Amino acid sequence: MRYIFIASIFIFSLISCHKTPPQSRGSVAGVMDTVISRLYANVPEAEFNKIDDAFMRQFVTDEERQVLATRYQYFTADVPVTVSIMRDKGQAVVPFWLEPAGFAKTTLEVKNEEYTYEVWQKNFPAGQVALGINGFDKHRPVYFVSVAPQNKGEHLALTGIYPGYPVDTLRVGAFTYHDWSGLVITEVPEALQGQALFTTVRGRAREAHVVDAFRKTQFPSHAEPDQILLTWSASPQTSIDVQWRTAPSVAQGSVKYWVEGTTDTLVTKASLNQIQDRMLFNDRYVNRFTAQLANLRPGTHYGYCVGAGLGWSTARSFRTEGEKTDDFTFVWFGDTHCFPDSGKLVSLADKNNKDAAFYSIAGDIVSTGLNRDDWDHLFGYSHDVFSRKPLMPVPGNHDRQDGLGAQLYYDLFSLPKNAPRGVDQESSYAFEYGNALFIMIDATSEVDAHTPWIEEQLANTKATWKFVMFHFPPYNFEEPYLDIQKAWVPLFDKYHVDMVLGGHIHYYMRSNPMFAGKVVDNFGKGTVYAISISIPSKHDAMTPESYAVKQYDRGYFYQRMEIHDKSLTYTAVDSEGAVKDTFTIRK
Ligand SMILES: [Fe+2]
């Protein structure tokens, strides 16, 4: 039965291959888009997760196979070279192209602390070397490559390198995966030492991932707008950014808005970005719309609808920041990871904090940042909360994957574009609301790239209150971030940041005020560090922290931050609505 199924697919693939658009033939991404479309058209849903490597070898056309065997990685060598491929021995299936391409397995092995790699080699004349995919599985320790001239001592120049990850030297201590630079090579045979080493990222395992790859979203898109979201990318007094989702059939969108209590409406057209998660078999493409409403009146309640096409959504409302705001409240969450429980917590916070001006999440908003169904959970489980109050998040390690970046985070959130040089726009940003400065940092990117920018933000503000939010807490009992303590904490001290808000370690901790890493006796002299978590958690092996006022090894929380001019009242509330921590800073 299975044989018949595979055979029928194979026949179809031969018939249909002439329909492949020529422009998609040259890249692994283009071929995989075509292959997946053909799978969806021909394989019953119930069979998706039975697809294996053997099936894929037959399913792809000769032409597609050629692209998958040669367009994953390539470079040009100016002299004859020996190419070595280090393939993790733990990968069950050898990439289909490796032996047919003439690579032979040697007895050599390369090791790091986690994996042992067998070494496959082939000699190439001067010219282009073209290599194939890591496999149809998602084997994250992807193969990596080294190259050396066949004539020892000859100078080797490498050009036309794809993809453009840096070339290092193969040696003990070198890393291979940019997204795990701490995983360094521990053993290299003498014959390979000193060769040119092509670094890579583990995310490359996803490029042709089909085996056990299919997913279904619980919250598919429809023609009617959903996932309506407010953020700010410009002044909260005079603007707001409105974002939403529809099915791909809806080609246009607008926001209709009005000052509440009046009848005059304004309309702003939205820009459209179609996004694809090709393994989401029940909702592969969605349209995301973004519109910035500008020239708004400060301190004003507005009503708005989104839509066009099939009509307008139900009306919602927002309020712009007042011209002189010394009193306001915001609510922040630690890791949400987007489970039903964190959605309930968001709804609870919304119900109990009607006065909140906005929300923040300190990273790990979702668990698998490149899976769109995870983001569907964020909106599905938290209902319409973020359509009434803006959400100003920062990314955590889970919001980006395996060196591939946080594309869905960028696609979803329209945020201030004032990142430090060398850091992705919208991943780190700063904004002011009322009498407070918010420095929002993507701590998963370069620490040092942020340091001068943080100082610039702190030195140039007149804000009464200064908050810094980032995912990795510098002080925690599990893995203190010494690089952050060294680079950023002296600035928090120098400019008197009031609170540093983070997550990541999945417990709750709030410190005494600290200066230079030591507890000080009042809030005026130091910074309070807080770690929170917004999904059920249980830390079995807690270690007391000398600087901590409160530590909770379990439970999950939201934090209310209530500012009245020179007073800040902080309250951490658990999922049952009980106050678990509170204090007030008065300036
Ligand atoms: Fe987390």
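Predicted model: local features only at pLDDT ≥ 70, side-chain atom pairs only at ≥ 80, totals over all residues.
This briefing walks through an iron site, a strand and its partners, and some ring contacts. Residues are numbered from 1 along each chain as its sequence is written, and side-chain values use heavy atoms, with hydrogens and water left out.

**Iron site**

- Four residues coordinate the iron ion at 2.1 to 2.3 Å: Asp335 (OD), His337 (NE2), Asp364 (OD) and His506 (NE2).
- Donors here are N, O and S atoms within 2.8 Å of the metal (3.2 Å for Na, K and Ca), and since water is not among the atoms, sites may look incomplete.
- The angles subtended by the 4 donor atoms run from 85 to 176°, so the arrangement comes out as irregular.
- For that label, four donors count as tetrahedral if all angles lie between 85 and 135 degrees; four count as square planar and six as octahedral if opposite donors are over 155 degrees apart and all others between 65 and 115; anything else is irregular.
- Along the chain, the donors of the iron ion are spaced as D-x1-H-x26-D-x141-H.
- Distant parts of the chain get linked here: aspartate 335 is in the loop between strand S19 (327–333) and helix H5 (340–352), and histidine 506, 171 residues apart from it, is in the loop between strand S24 (499–502) and strand S25 (508–511).
- Those elements are DSSP runs numbered from the N terminus: helices (H or I) of at least four residues, strands (E) of at least two.
- Aspartate 335 counts as buried because its relative accessibility is 0%, while histidine 506, at 24%, counts as partly exposed.
- The cut-offs: buried is under 20% relative accessible area, exposed is over 50%, and partly exposed is in between (1.4 Å probe, protein chains only).

- Strand S12 (residues 240–246) is mostly covered, with 7 of its 7 residues buried.
- Ile240, Val242, Trp244 and Thr246 point one way from S12, Asp241, Gln243 and Arg245 point the other way, and all are buried.
- Strand S11 (residues 226–231) runs antiparallel to S12, joined by 4 bridges; strands pair if DSSP finds at least two bridges between them.

**Rings**

- The count is 50 aromatic pairs, where rings of Phe, Tyr and Trp (its six-membered ring) pair if their centres lie within 6.5 Å; planes under 30 degrees apart are stacked, over 60 edge-to-face, and the rest tilted.
- Tryptophan 97 and phenylalanine 103 make an edge-to-face pair, 6.1 Å centre to centre with 90° between the planes.
- Phenylalanine 330 and phenylalanine 438 are also edge-to-face, at 5.0 Å and 85°.
- Phenylalanine 330 sits in strand S19 and phenylalanine 438 in strand S22 (residues 436–441), so their pair ties together parts 108 residues apart in sequence.
- Both belong to a cluster linked by ring pairs, whose members include Trp232, Phe358 and Tyr433.

**Arginine 204 and tyrosine 72**

- Arginine 204 lies over the face of tyrosine 72, 3.7 Å from the ring centre; this needs NZ of Lys or CZ of Arg within 6 Å of the ring centre and within 35 degrees of the ring normal.
- A polar atom of the arginine 204 side chain also lies 2.6 Å from the backbone oxygen of tyrosine 72.
- Arginine 204 is in the loop between strand S10 (196–198) and S11, and is buried, with a relative accessible area of 3%.

Definitions and conventions:
Polar contact = N/O pair within 3.5 Å; in protein donor to acceptor, adjacent residues only side chain to side chain.
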